Amino acid sequence: MSTNIDIFPLIGKRVFVSGHRGMVGGAVVSQLENENCEVLTASRAEMDLRNQSEVNDWVNRERPDAIVIAAAKVGGILANDTYPADFLYDNLMIEANLIHVAHVAGVQRLMFLGSSCIYPKFAEQPIKEESLLTAPLEPTNEWYAIAKIAGIKLCDAYRRQYGRSYISAMPTNLYGPGDNFHPEGSHVIPGLIRRFHEAKEARAPHTTLWGTGTPRREFLYVDDLAEALVMLLKQYDEPGPINVGSGEDMTILELAQTIASVTGFEGEIRIDESKPDGTPRKLMDGSRIRALGWSPKTDIRSGLERAYRWFLDNHAPAEFRSV
Ligand code: GDP
């Protein structure tokens with residue numbers, strides 16, 4: 001994939017992937033299976049990442065060479081807006097504990113994951129890494145965004161003060177197998193897959209789309225992200241965020257029409273303007289990661305088909321598995 005030299009070869013390394021039960025962590029674990037490294041994971045019962053002494057004990061006992069922070073409190077626009085304390089506190093604690101303990105325990109390499117919502121609400125499009133902290137955030141997810149900005153700055157601070165090789169990658173809106181399909185708490189793709197599937201099964205004449213349908217979003221299939229992250233873990237060593245996006249965006253209405261086609265829902269799509277739109281557009285500039293030789297492989301239609309298949313296999317009751 002890339003002709004660059006590995007500054008951190010993974011062969012023989014012990015790599016701790018936090019958040020392995022989530023969509024991103026799970027995909028990173030699978031991707032690392034190609035790397036001849038030893039992947040470490042920990043269940044929530046074994047270590048609560050919000051608890052500093054538990055993180056300290058675990059890291060000092062297991063002695064990883066690298067840590068990937070894929071663990072986070074995540075959710076869609078409504079969840080972010082409804083649980084601001086959880087989104088700010090949980091994410092601050094997870095990253096502060098892992099980054100600080102990694103440094104104290106001498107973990108050589110760490111990769112922190114954020115999100116495109118760290119950038120200003122009205123950032124110039126496509127959004128360059130340099131636009132971080134140049135203007136106000138989108139209010140619906142500022143709690144999450146502020147925690148994630150603090151995580152980037154923690155990595156940069158340990159790099160600057162202690163020379164640590166800790167990096168921060170910013171994925172765009174993600175989707176795929178293992179996503180959270182909660183009806184209210186999820187992001188738009190799993191939310192619509194579930195709603196449209198259920199509407200089709202119930203033979204409902206119409207179903208709803210939150211907001212006006214006009215915001216534009218960029219989407220990336222999670223396995224493409226995992227490939228980018230493993231490449232960055234091996235090859236990238238700069239401060240600040242690096243964007244990981246697909247390079248293309250679409251309106252929420254166009255997305256809904258594609259999901260209707262993938263799920264086989266043929267009824268009417270009605271907009272529900274009582275729900276928030278969020279930021280009007282957040283297409284990231286991917287020049288920096290493209291220069292390293294990575295580009296996504298999965299087009300939106302086939303990615304959505306795989307996500308829907310996973311939903312049917314894992315969530316839909318047996319009588320609903322009609323495709
Ligand atoms: P955001 O990118 O942080 O705004 O997160 P979301 O993925 O939750 O929402 C993206 C856009 O999709 C917003 O404009 C939502 O209003 C819109 N949307 C439409 N229907 C849904 C839905 O059923 N669930 C969610 N989460 N968003 C929806």
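A polar contact is a pair of N or O atoms within 3.5 Å. Keep that cut-off in mind as you look through these close-ups of a predicted model.

**View 1. The second largest pocket and the residues around its centre.** Let's start with the pocket itself, which has a volume of about 240 Å³. How many residues line the second largest pocket? There are 13, and those nearest its centre are Phe219, Ser246, Glu248, Thr298 and Ile300.

**View 2. Where the lining of the second largest pocket comes from.** Two elements give two or more residues each to this lining: strand E8 (216-221) and strand E10 (249-251). Strand E8 provides the largest share, with four residues.

**View 3. Asp299 in its loop.** Now find Asp299 in the loop that runs between helix H9 (287-290) and helix H10 (300-314). Is Asp299 buried, partly exposed or exposed? Its relative accessible area is 44%, so Asp299 counts as partly exposed, a label for values between 20% and 50%. Look also for Ser246: its C-alpha atom is 9.1 Å from that of Asp299, although the two residues are 53 apart along the chain.

**View 4. The side chain of Asp299 and its partners.** Which side chain makes a polar contact with the side chain of Asp299? The partner is Ser302, at 2.6 Å. A polar atom of the Asp299 side chain also lies 3.2 Å from the backbone nitrogen of Arg301.

Technical notes
Residues are numbered from 1 along each chain as its sequence is written. This is a predicted model: local features need pLDDT of at least 70, side-chain atom pairs count only at pLDDT 80 or more; totals for chains, interfaces and linings use all residues. Side-chain values use heavy atoms; hydrogens and water are left out. On a 1 Å grid over the protein atoms alone, a cavity is a set of points where a 1.4 Å probe fits but cannot get out, and a pocket is an open set with protein on both sides within 12 Å along at least five of seven lines; lining residues have an atom within 4 Å of a point. Grid points are joined across faces, edges and corners, and a volume is the space filled by probe spheres set on the points. Buried means under 20% relative accessible area, exposed over 50%, partly exposed in between (1.4 Å probe, protein chains only). A polar contact is a pair of N or O atoms within 3.5 Å; within protein, one must be able to donate a hydrogen and the other to accept it, and residues adjacent in sequence count only if both atoms are side-chain atoms.
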